[in-house]
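Consider the structure below with its charges and its surface in mind. The paragraphs that follow start from one side-chain pair and then turn to the chain as a whole.

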Amino acid sequence: DLIENRSSTDPIFSNFQPFMHSMNFPRDVLVALMDGLIEDSAGHVCLAEEADLLVYAYRVAGTVGLLMCEVLNCKSPDSFSYAIDLGIGMQLTNIARDVLEDASMGRRYIPGDWVNDLSPDEICGAANEPEGKAAQEVRASIKRLLALAETFYKSGARGYRYLPWRAHLSIALAGRIYRQIGLQLADRGYPWHEGRQVTSKAVKLRCSLIAPGSLVTRLLSHDTTHDQLLHTHLKDLPYVK
């Protein structure tokens, strides 16, 4: 019904439609988001390569960045690429944080060619031997994953200038707190086998004190050129140039 732009008897969709229209949500972005959710609902997920990882991250999180542009009244077309990047960065952190939890549900979002095609069951088994070869491969892949996330965080932060001031602070804080999860993982040597990493209230408070510093960049920087190489694998997806 969404693809065909028609009304629906489905109660969830019919209740959502007035909000969708009032926010001017692009239908193709919503469809891309649903594609990602449908992929997740399949139960067994094993991504093959980095391109698949970035397309998945775009669908479930880059799209959220695009929708938030409408919610926060951020209409500049120049902002969209940065919104996509911040969403992808946060999703990559999500994946790095939840490797063991996802594997226990039959999901491996780490590209197979990064970990010698370890299955979710094999990843679960490797957690019991954290110094084994398989566990080390997973650890190396998480390090690589978080390095990739850093690239997208840095790009996403350059787009804060397009947000209203209050939204800038809120989004900058959310991005910093999420990024902190990856920093903690790195500081501890990527202990993925111990389960999910969380940030403490003290860390969140520290992030809230640091986040306003991004306003300085907003005032001093005038470079609006987006690195299109970040979107090499996202061609033909909505709002990707």
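In this predicted model, the side chains of Arg144 and Glu50 form a salt bridge, with an N to O distance of 3.9 Å; the term stands for a side-chain nitrogen of Lys or Arg within 4 Å of a carboxyl oxygen of Asp or Glu. The pair joins distant parts of the chain, 94 residues apart: Arg144 belongs to helix α7 (residues 133-157) and Glu50 to helix α3. Helices (H or I, at least four residues) and strands (E, at least two) are DSSP runs, numbered from the N terminus. Over the whole structure, a search finds 10 salt bridges.

Local features need pLDDT of at least 70, and side-chain atom pairs count only at pLDDT 80 or more, whereas totals for chains, interfaces and linings use all residues. Residues are numbered from 1 along each chain as its sequence is written, and side-chain values use heavy atoms, with hydrogens and water left out.

Helix α3 (residues 50-71) also supplies the largest share, 3 residues, of a nonpolar surface patch. Phe19, Val64, Met68 and Val71 make up this patch of about 300 Å², and Val64 lies in helix α3. Patches consist of residues with over 30% relative accessible area and no salt bridge, where nonpolar side chains (Val, Leu, Ile, Met, Phe, Trp, Tyr) are joined within 5 Å and like charges within 9 Å. Accessible areas come from the Shrake-Rupley method with a 1.4 Å probe; for residues, only the protein chains shown count as cover.

The chain has 10 helices and 2 strands. Its radius of gyration, taken over C-alpha atoms, is 19 Å, close to the 18 Å of the globule rule for 241 residues, so the chain is as compact as a globular protein of that length. That rule is 2.2 Å times the number of residues to the power 0.38.

Confidence per residue is given by pLDDT, from 0 to 100. The chain averages 91, and 93% of the residues score at least 70.

Note on methods: pLDDT is the predictor's confidence in each residue, from 0 to 100.
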